[in-house]
Structures are given as structure tokens and as C-alpha cells.
Amino acid sequence: MIELPESRHLAEQIKENLTGKTVMNVSANKSPHKFAWFHGDPALYHGKLTGKIIAGANAYGGMAEIVFDGARLVSGDGANLRFFAQGEKLPDKHQMHIEFEDFSSLVCSVQMYGGMWVFIDGVDKDEGYYLSSKTKISPISEENSEDYFFGLMNDVKQNYSVKAFLATEQRYPGLGNGVLQDILFNARVHPRRKLETLTQNEKEAVYHSVKQTLSEMTVKGGRDTEKDIFGCPGGYKTKLSAKTKNDPCPVCGDDIVREAYLGGNVYFCPTCQKYEKSAVRK
């Protein structure tokens, strides 16, 4: 799934490679997908975008926003963007195909679920996760101070797990289950740990890991579990992910554990990230 580091990289690639391109044709929902989401009727996307020129791109949380003259196309979650030069073979199935006047294409394909929302300036109002992602503080910004972080933490029930606090309810847009694994591994905190069991040092470790881990992922062009608009994996090598689940812990050599938890898999080292259900905060 595309999260904050990947959306930042996608936006930069779109700015560099697609700015100035004029839309010639749009096909949306050609291959219907139960969990592909659109803003309004996707059959109207052709009329909304044809003739418009890409002016730039932005990233908000885990969403990449393509800015046209008078409109915006926002993709998020599992909506994967791929650029194809003229003559390159396009995938047989996709949820959106934008063809430009130079016959290059931008194709969006949904895996498990994902959104492709077209907003017309002055007509459509920003909504949902898109609005939340634009208005909330980014976890890698200077505004995400220790005071802000601990304020968020104190505002939730203290029997929440660390995963529930960080990766649910969009407290930090773009921080999802994917990036969470290395964040908590670097902080040496188990994803099931309850907030009330964390020491002050552990809370500070989680805060600094959020900023440092996400910043490193972003600088390196996203995680190696995700791909950019050219189909290339990100330059950040994940420590705990589906790619490394059979590898030993990079610190102690113990076996990495994968468990289903809160709607997704979590990966952890049982030695470096200890967890005791009866643990209490000291």
C-alpha cells in the first residue's frame, strides 16, 4: 500500500516527468473492481479531464495529488500509478487510463482497495481521507513536536496498543501498517504493547523513530516493497516486511515472527521487541 514515503516520491516523479502533458483521453473503471473508489461517476472522468494540462503534483499523507489546470486527480491506498511511454504495452486490466497527446499514458491499477478521485476546482469539495490528509500535521514535519506527539497519545485510551495509536484513525496521515513495522522495530517496541505499559523512554523512542524512520524512507524514494511510476522499487530496504519475513533479525539473529493483528500482519523480533501481557508501566 502507498504510504507517506511513496506518495512523496510519486509526486516528485510526476512533477519531473509529467508536468506540461495534455490529456487526450480518459478511461475509468474499464475493469470493474469492488473496492475501487471514485468521486462521482467515473464515466464522467473523460469529460472532466480531457484537454487539461498537468501543472504539478503534491503529496498529502499517503495520497498523491496530480494538479491540472482547474482540476485535481487524487490517488490513494492501493491505487498504483504507472507511466508508460508511447508504444509500451499497457496492462490488460486497470481502473484508470489517462492517455496524453504525445501517446504516453498514466495507468492506475487497484490491488486490494484504492481510490481515484477527480475534483473540479470551485465545484467539488475536498472530503474524507483526502481532506484529513491535507489538514492534519505530517509526522515528518517540524510541527510534529514531542508536545504534539504526546498530546495525541494522551488523548486516546491508554489500553490502546501502539499499533492502534499510530496506524489507525489517521492520527498521522500516511503512517499505516506498512511503515509501522520498521518504526516500531527501530524503537524496540512490540506492536501489541499497550500505551499504559510504556516507559517514558520508550514513548520518546517511538516518537523519534516515527520522524527518523519515515524521513529515511522518504529520502530513499519509498520502501522496496512498493513501486514508483516506472515500476521500480523504492530504495529503502525494509527490515521487517513480507520481503524479509524469512530472514533472521538484523540485530540479534532471532527468527522474525509474523502475526495477524488489527486488520493486517505485524512483524516483530520477539527478542528485540519483548511483549508481556501483564507488563505495567514503571
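This is a predicted model: local features need pLDDT of at least 70, side-chain atom pairs count only at pLDDT 80 or more; totals for chains, interfaces and linings use all residues.
Residues are numbered from 1 along each chain as its sequence is written, and side-chain values use heavy atoms, with hydrogens and water left out. Local features need pLDDT of at least 70 and side-chain atom pairs count only at pLDDT 80 or more, while totals for chains, interfaces and linings use all residues.

Trainee: What pLDDT does the protein chain average?
Mentor: pLDDT is the predictor's confidence in each residue, from 0 to 100. Of the residues, 98% score at least 70. The chain average is 95.

Trainee: How much space lies in the largest pocket?
Mentor: On a 1 Å grid over the protein atoms alone, a pocket is an open set of points with protein on both sides within 12 Å along at least five of seven lines. A cavity is a set where a 1.4 Å probe fits but cannot get out. Points are joined across faces, edges and corners, and a volume is the space filled by probe spheres set on them. For the largest pocket that gives about 1,300 Å³.

Trainee: Which residues lie nearest the centre of the largest pocket?
Mentor: Lining residues have an atom within 4 Å of a point. There are 47 of them here. Elements that each supply at least two include strand 5 (71–84), strand 7 (105–120) and helix 6 (177–187). Nearest the centre are Met1, Ile2, Glu3, Tyr113 and Gly178.

Trainee: What is the volume of the largest cavity?
Mentor: The count comes to one cavity of 30 Å³ or more. Its lining includes Glu6, His9 and Leu10, along with Arg223 and Asp228. The volume is about 50 Å³.

Trainee: How far does helix 1 reach from its first C-alpha to its last?
Mentor: Helices (H or I, at least four residues) and strands (E, at least two) are DSSP runs, numbered from the N terminus. Helix 1 has 15 residues, 4–18. The expected span is 1.5 Å times one less than the number of residues. The computed reach is close to that expectation, at 21 Å.

Trainee: Why is helix 6 said to be largely enclosed, and which residue just after it takes a positive phi?
Mentor: Buried means under 20% relative accessible area, exposed over 50%, partly exposed in between (1.4 Å probe, protein chains only). Eight of the 11 residues of helix 6 are buried, so the rest of the structure largely encloses it. Its cover includes helix 1, helix 5, helix 7 (200–219) and strand 9. Just after helix 6, with a phi of about 60 degrees, comes Arg188.

Trainee: Is Ser138 buried or exposed?
Mentor: Ser138 sits in the loop between helix 3 and helix 4 (146–154). Leaving aside neighbours within four places in sequence, it contacts Leu4, Arg8 and Asn144. Its relative accessibility is 17%, so Ser138 counts as buried.

Trainee: Is Glu169 buried or exposed?
Mentor: Glu169 is in the loop between helix 5 and helix 6. It touches Lys136 and Tyr160, not counting residues up to four places away in sequence. At 55% relative accessibility, Glu169 counts as exposed.

Key. Contact means heavy atoms within 4.5 Å.
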